[in-house]
Amino acid sequence: MIVRPAEPSEMDTVIDVLSEAFHEDPVSMWVFPGDERRAVALPIFHRAVVLGMLAVGGHVDVTDDLSAVALWAPGGDEDIDDEAFAGLTGEEIGRLAALFELMTEHAPGGEYHHAQFIGVRKNAQRQGIGARLLKYGLDRYGAVPAYLEASSAESAKLYRRLGFRDHGPAFAAEGGPPMLPMWREPSISL
């Protein structure tokens, strides 16, 4: 399986992969309650994140069969235009705002790259694709540390296998599920 940068013409597929992969994620379920509503809201949300991440020089990596996607942004440089969230409800935007505020509070200082989302289509999960995709980004950034927030115990296990370590205690917005900040030093070889 080849991992490569996404082409601009593939962005609709990128949004679709992320929306499918995160449909049952605990944080997504809290921000966008209800399966039907989540199916509508996640593509709006992921499109806004992708556009904001690309605006600050981030990267979108995909597998050659477009079954998996990873979004990377320079640490601390996330720029999401509020208008990009048009179509989300006020309650959803409120939950996102609370979550983004906590994420900003817990983010490390200094230079790092932020793995914002790593998503694999359901029929391709648990085959090592996410690990390969993440390794591609880690290799690209070489000497720069990496940071992410694990949104489930299962994803935290994968990240630990790839050299990430807990970076402080888990945090959660009021009523929301915990997110675990994780850090990876660049000197770790896989």
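Which residues is Leu-66 in contact with, leaving aside its neighbours within four places in sequence? I looked this up and found Arg-4, Glu-10, Thr-13, Val-17 and Arg-121, where contact means heavy atoms within 4.5 Å. Leu-66 sits in the loop between E2 and E3; helices (H or I, at least four residues) and strands (E, at least two) are DSSP runs, numbered from the N terminus. I also checked the pair Leu-66 and Val-17: they are 49 residues apart in sequence, yet 7.8 Å apart in space, C-alpha to C-alpha.

**Ground rules**

I am working with a predicted model, where local features need pLDDT of at least 70, side-chain atom pairs count only at pLDDT 80 or more, and totals for chains, interfaces and linings use all residues. Residues are numbered from 1 along each chain as its sequence is written, and side-chain values use heavy atoms, with hydrogens and water left out.

**Overall fold**

I counted six helices and seven strands in the protein chain. Reading along the sequence, I get β-α-α-α-β-β-α-β-α-β-α-β-β. The radius of gyration (taken over C-alpha atoms) is 15 Å, close to the 16 Å that the globule rule (2.2 Å times the number of residues to the power 0.38) gives for 190 residues, so the chain is as compact as a globular protein of that length. The C-alpha trace spans about 45 × 35 × 30 Å along its principal axes. Of the 190 residues, 49% count as buried; buried means under 20% relative accessible area, exposed over 50%, and partly exposed in between (1.4 Å probe, protein chains only). Among contacts with a separation of 6 or more, 71% come from residues 24 or more positions apart.

**Cores**

Next I looked at nonpolar cores, meaning sets of buried Ala, Val, Leu, Ile, Met, Phe, Trp, Tyr and Cys residues joined through side-chain atoms within 4.5 Å. The largest has 35 residues, and those with the most contacts inside it are Val-14, Leu-18, Phe-32, Val-50, Val-60, Val-69 and Leu-71. At least two residues each come from H1 (11-21), H2 (26-31), H3 (35-55), E2 (59-63), E3 (68-74) and H4 (90-106). H3 gives the most, with seven residues. Apart from this core lies another, of 24 residues, including Val-3, Ala-70, Leu-133 and Val-144.

I then zoomed in on H1. Its buried residues are Met-11, Val-14, Ile-15, Val-17, Leu-18, Ser-19 and Ala-21, and they pack against H3, E2, E3 and strand E4 (113-120). Leu-18 touches His-46, Val-50, Val-69, Leu-71, Phe-117 and Gly-119, not counting residues up to four places away in sequence.

**Salt bridges**

Side chains of opposite charge can pair when their charged atoms come close. My rule was a side-chain nitrogen of Lys or Arg within 4 Å of a carboxyl oxygen of Asp or Glu, and the count comes to eleven salt bridges.

- Arg-4 and Glu-10 meet at 2.7 Å, N to O; Arg-4 is partly exposed at 22% relative accessibility, whereas Glu-10 is buried at 12%.
- Glu-92 and Arg-37 also pair at 2.7 Å, N to O. Glu-92 lies in H4 and Arg-37 in H3, so the pair ties together parts that are 55 residues apart in sequence. Glu-92 is buried at 2% relative accessibility, and Arg-37 is partly exposed at 24%.
- Arg-126 and Glu-154 form a salt bridge of 2.7 Å, N to O. Arg-126 is in the loop between E4 and H5 (129-141) and Glu-154 in H6, so this pair ties together parts that are 28 residues apart in sequence.

Which side chain of opposite charge is nearest to Arg-184? I found Asp-139, 6.1 Å away, and Arg-184 is buried yet has no salt bridge (Lys and Arg count as positive, Asp and Glu as negative; His and the chain ends are not counted). Arg-184 lies in strand E7 (residues 180-184), and its side chain reaches the backbone oxygen of Leu-162 at 2.7 Å.

My last stop was Ser-151, in the loop between E5 (146-150) and H6 (153-161). Ser-151 counts as buried at 12% relative accessibility. Its side chain and that of Asp-25 are joined by a polar contact of 2.5 Å; a polar contact is a pair of N or O atoms within 3.5 Å, where within protein one must be able to donate a hydrogen and the other to accept it, and residues adjacent in sequence count only if both atoms are side-chain atoms.
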